[in-house]
Amino acid sequence: MNTSVGGSVRQQKVGGSAALYLAAAFVAAMPYFLVFVKIQGVVDPVEKVSLLVANHGSMQVMYLVSYVIFGIVLAILALALHARLRDGAPILAQAATAVGLIWAFVLVASGMIYNAGMAAVVGLHGISPAQAVSTWQAIEPVAQGLGGSGGELLGGLWVLLVSVAALRTRRLPGVLNWLGVAIGVAGILSVVPVLKDLGYAFGLLEIVWFVWLGIVMLRTGPRPVVPILRGDELTSADGPCDEGGRA
């Protein structure tokens, strides 16, 4: 096995670890925001700022984990999937990677805006609560818009494109790919106001998809050497394969 193939296998394993991190971040963030802080269900701006002040430290950590670091790790996974799928479906793989990197960028931007905005609002709250509220009302829509509060369009489109590319290349398990198609469609449809609750289904099912994907990528091994006879010369071909031995 040559060094380039080894590097490719290592990239798949790094991608698998990234997928498991993304699943863990979802598992940590969903109950935190929906059950512990419950800020998504708060409408009154004064009450919302009070929640920010009371939970500033933990919210700062959670936005770092589930937005900033999440976006960086997502970019790593997107590039690893591109390497896995590009030979069999180059156009789809390129499109998926572009969408994945855009999604990663806006998530990082959203998390940084949230944290910087929270710090400013918490500091201002002790001086002028009313001004703190008005400041947060200006900051929050920007961060939410980047973070996908209006629907999981980018996330859904990325999962859908990856899954369709994987169906064409057969480089991932078929059932995983069809699950990804369903998740992707749910994420895209969640941008429709009457179907916004599909965003919850997107998040919950994506945890399963990330875990399964991570396990598959971590099991990636070197492709067995296959003799190829060309004229009077005997050469060999190798490359990365998944746990089923597929190239």
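Bear in mind that this is a predicted model.

**Stop one: the largest pocket.** Select helix H1 (3–37), helix H2 (45–54), helix H3 (56–85), H4, helix H5 (129–147) and helix H8 (198–218). Each of these helices supplies at least two residues of the lining of the largest pocket. H1 gives the largest share of that lining, 6 residues. The space in the largest pocket comes to about 1100 Å³. Now centre the view on Gln40, Tyr67, Gly148, Ser149 and Glu152. Of the 41 lining residues, these are the closest to the centre of the pocket. Colour the lining by class: 24 residues are nonpolar, 12 polar and 5 charged.

**Stop two: H4 against H6.** Select residues 90–125 for helix H4 and 153–169 for helix H6. Their axes lie 9 Å apart, and the packing angle is about 155°. Angles over 145 degrees count as roughly antiparallel, and H4 and H6 are therefore roughly antiparallel to each other. The crossing of H4 past H6 is left-handed. Show side chains on H4, including Leu92, Val99, Ile102, Trp103 and Val106. Across from H4, the H6 residues in the contact include Leu154, Leu157, Trp158, Leu161 and Arg168. Gly100 of H4 and Gly155 of H6 also take part. By class, this contact of H4 with H6 has 15 nonpolar, 2 polar and 1 charged residues.

**Stop three: H6 against H8.** The axes of H6 and H8 cross at roughly 40° and come within 12 Å. This crossing is left-handed. From H6, pick Gly155, Gly156, Trp158, Val159, Val162 and Ser163. From H8, pick Phe202, Glu206, Trp209 and Phe210. Together they make the contact. Its classes are 6 nonpolar, 3 polar and 1 charged.

**Stop four: the cavity.** How many cavities of 30 Å³ or more does the structure hold? There is 1. About 40 Å³ of space lies in the largest cavity. Select Ala78, Leu81, His82, Leu85, Ala93, Ala96, Thr97, Trp158 and Val162 to see the residues that line the largest cavity. H3, H4 and H6 each give two or more residues to this lining. Which helix gives the most to the lining of the largest cavity? H3 does, with 4 residues. The lining holds 7 nonpolar residues, 2 polar and no charged.

**Last look.** Leave Trp158 and Val162 of H6 on screen. Both residues line the largest cavity. Both are in the contact of H6 with H4, and both are in the contact of H6 with H8.

How values were computed: Residues numbered from 1 in each chain as written. Predicted model: local features only at pLDDT ≥ 70, side-chain atom pairs only at ≥ 80, totals over all residues. Heavy atoms only, no water. Axes fitted to C-alpha atoms, helices over the stretch in contact; angles between N-to-C directions. Parallel < 35°, antiparallel > 145°, perpendicular 65-115°, else oblique. Left-handed = near helix turned anticlockwise from the far one by under 90°. Contact = heavy atoms within 4.5 Å. Nonpolar A, V, L, I, M, F, W, Y, C, P; charged D, E, K, R; others polar. 1 Å grid on protein atoms, 1.4 Å probe; cavity = no way out; pocket = protein on both sides within 12 Å on 5 of 7 lines; lining within 4 Å. Points joined across faces, edges and corners; volume = space filled by probe spheres on them.
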